[in-house]
Structures are given as structure tokens and as C-alpha cells.
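Hi,

Here is the structure I promised to pass on. Have a look at it first, and my notes come after.

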Amino acid sequence: MVKREPTSINVDPQLWKDAKIEAIKRGITVTDLFEESLRKELGKIKRLSEVKGK
């Protein structure tokens with residue numbers, strides 16, 4: 001099991017509701033959805049910076 005860091009963030013209530021609904025549809029937790037989304041976004045940023053750096 002992956003160790004997770006507890007944290008608090010402020011999220012737009014509608015965005016939170018949408019995230020909860022999407023997580024339920026996928027059969028995953030909101031935490032899993034958040035981590036998946038964050039990894040994708042950070043991967044895009046990393047790839048973009050690598051392209052610009054070459």
C-alpha cells in the first residue's frame with residue numbers, strides 16, 4: 001500500500017461534487033481520482049518542459 005500524506009485543500013463545491021460523482025462512476029475513491037488527475041497534469045508539464053529544454 002502506498003503511504004499517503006494527509007492534507008487539506010479548499011475546492012470549489014461544484015468541482016468537489018463533480019469529482020465525487022466521477023469517482024463513484026469509476027468505482028474509485030476521490031483520493032484515487034485526484035492522484036490520477038494530478039499525475040496526468042504533472043506529466044504533461046514535465047513533457048512540455050523537456051520539449052522546451054531540448
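Predicted model: local features only at pLDDT ≥ 70, side-chain atom pairs only at ≥ 80, totals over all residues.

Numbering runs from 1 along each chain as its sequence is written, and side-chain values use heavy atoms, with hydrogens and water left out.

The chain has two helices and zero strands (DSSP runs: H or I of at least four residues for helices, E of at least two for strands, numbered from the N terminus). Its radius of gyration is 14 Å, well over the 10 Å that the globule rule gives for 54 residues, so the chain is more spread out than a compact globule (taken over C-alpha atoms; the rule is 2.2 Å times the number of residues to the power 0.38).

Now the surface. Ile9, Val11, Leu15, Trp16, Phe34, Leu38, Leu42 and Ile45 make a nonpolar patch of about 770 Å² (Shrake-Rupley areas, 1.4 Å probe, only the protein chains shown counting as cover for residues; patch residues have over 30% relative accessible area and no salt bridge, with nonpolar side chains joined within 5 Å and like charges within 9 Å; a salt bridge is a side-chain nitrogen of Lys or Arg within 4 Å of a carboxyl oxygen of Asp or Glu). Helix 2 (30-53) and helix 1 (13-26) each give at least two residues to the patch, and helix 2 has the largest share, with four. Val11 sits in the segment before helix 1 and is partly exposed, at 32% relative accessible area.

Cheers

Notes:
Buried < 20%, exposed > 50% of the residue type's maximum accessible area, 1.4 Å probe, protein only.
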